[in-house]
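This briefing is meant to be read alongside the sequence and the coordinates. It takes up the surroundings of a ligand, a strand pairing and a helix packing in turn.

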Amino acid sequence: MLSISVSRNLPHSPRLLTSLPGPRAKALVERDHAVTSPSYTRDYPLVVARGEGCMVEDVDGNVFLDMTAGIAVTSTGHCHPEVVRAIQDQSANLLHMSGTDFYYQPMIELAEMLAELSPLPHSLLGGEGIRYKAKVFFSNSGTESNEGAIKLARYYTKRNSVVAFLGAFHGRTYGAMSLTASKTVQRAKFGSLLPGVTHIPYGTHASLDYLENQLFTTMLPPDEVAAIIVEPIQGEGGYIVPEDGFLQRIREICDQHNILMVVDEVQSGMGRTGKLFAIEHWNVAPDIITTAKGIASGLPLGAIIARAEIMTWKPGSHATTFGGNPVACAAGIATLRLLVRELMDNATQMGELLQAGLLKLHQRYGRISKPRGKGLMVAVDVLDTEGNLSKQARDSIVNQAFHRGLLLLGCGQAAIRFCPPLVIDSEQIQVALDIIDDIVASY
Ligand SMILES: Cc1ncc(COP(=O)(O)O)c(C=O)c1O
């Protein structure tokens, strides 16, 4: 078993001191509701004061085991000392200068690391000026990484159309939202969206048959398609692992028609599945990778990593004031070092334990499906007594878990997702399993 370096001041398992929400949390939730946008989706009234490793403490001193990592973001755990130190050191020296107009070392260093570590094919062209197989553009978020990827794919291929998948979540700004097909609430009343986007079902060969044999022959000329954008494991859509050969076949289709394969690793990337990028599980080399979330352990940062010969857009064609902020990049460098040193391996080991435990719960109760996923990107569906997916039962389990000190999030139609910080240990996995066992047993 690996020993993961996280300081311990908070208890290692849940500690509830008040009923939930406690008095301070209740007052803050009321203040929040009076003044913040009602578009936020809060499933339960958790008001966080601090975090450490896999534990978070609320404003009333209640301590929770966090199986959400702030929506798959705090990859190295909350406030990992090495990440905090990197942030502190960098912020004492330089907070901002804008990588769009100036140079600074953390941005260069992180780009070098990502270019080295990303599973992109070596440059097809090689030659002058191409020292790395990839080039990196830094953004501030997942949606922004995907916006940029669409622009880059159109720019490079001089083609207009994009193929995306039903159930996909790529973000909520207009370009990314046009690719998103997760829940109608995310699109309703916001039209018109980006033209030229075609959605097909996710994860099956039947869907790719439809693309090749129907769409490409009737209404979507493949030589007008700039990119196929795909999540290697569909995240918000339910932590869906595609059929064997699905991702390889997308690669083949792209090769056949000179279409760019863009993989959205915003949720599945940065070590979460036990590899730096989930696509590596299938040995597929994409053309463009988009990432964000776990890349800087909680600081806002995203990246587009593209084959060097693709990232050819001209100065001024794409840029952002804040993207690649020096403090966020310093956090990213510390994060990447930790992932490579120990946390990707831990994700693999702990993910196996988690899936083994969930499988036992499935066998014992039948109200939850077999687990699916890779590493610490794991989900189970919640079923009613007839074996149908039950959103209501799922929401109820997530809510009861909160009241027992376990933080969970749903995804898909009726799934519970487990995306804890990658520092989680076997004791904490067991605590989570015991709490879920207790809840499901009472159904
Ligand atoms: C796969 C995927 N892509 C893109 C996004 C959008 O990221 P952000 O919320 O940082 O804009 C998300 C967010 O959940 C995601 O899961």
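How many residues surround the ligand, and which are the closest? In this predicted model, the ligand is surrounded by 14 residues, of which Ser 141, Gly 142, Thr 143, Val 266 and Gln 267 are the closest.

**Ligand shell**
- Helix 5 (residues 142–157) supplies the largest share of the shell around the ligand, namely three residues.
- By residue class, the shell around the ligand holds eight polar, three charged and three nonpolar residues.

**Strand pairing**
- Strand 1 (residues 48–52) and strand 2 (residues 55–58) run antiparallel and are joined by four bridges, and Glu 52 has Met 55 in strand 2 as its bridge partner.
- The hairpin of strand 1 and strand 2 has two residues between the strands, and in this hairpin Gly 53 takes a positive phi near 60°.

**Helix packing**
- Helix 9 (residues 326–365) packs with helix 11 (residues 426–441) at an angle of about 20°, and their axes are 10 Å apart.
- Because angles under 35 degrees count as roughly parallel, helix 9 and helix 11 are roughly parallel to each other, and helix 9 passes helix 11 in a right-handed crossing.
- On the side of helix 9, Met 350, Leu 353, Leu 354, Gly 357, Leu 361 and Tyr 365 take part in the contact, and they meet Ser 426, Ile 429, Leu 433, Ile 436, Asp 437 and Val 440 in helix 11.
- The residues of this contact between helix 9 and helix 11 comprise nine nonpolar, two polar and one charged.

Note on methods. Residues numbered from 1 in each chain as written. Predicted model: local features only at pLDDT ≥ 70, side-chain atom pairs only at ≥ 80, totals over all residues. Near = placed C-beta within 6 Å. Nonpolar A, V, L, I, M, F, W, Y, C, P; charged D, E, K, R; others polar. Pairing = 2+ DSSP bridges. Axes fitted to C-alpha atoms, helices over the stretch in contact; angles between N-to-C directions. Parallel < 35°, antiparallel > 145°, perpendicular 65-115°, else oblique. Left-handed = near helix turned anticlockwise from the far one by under 90°. Contact = placed C-beta atoms within 7 Å.
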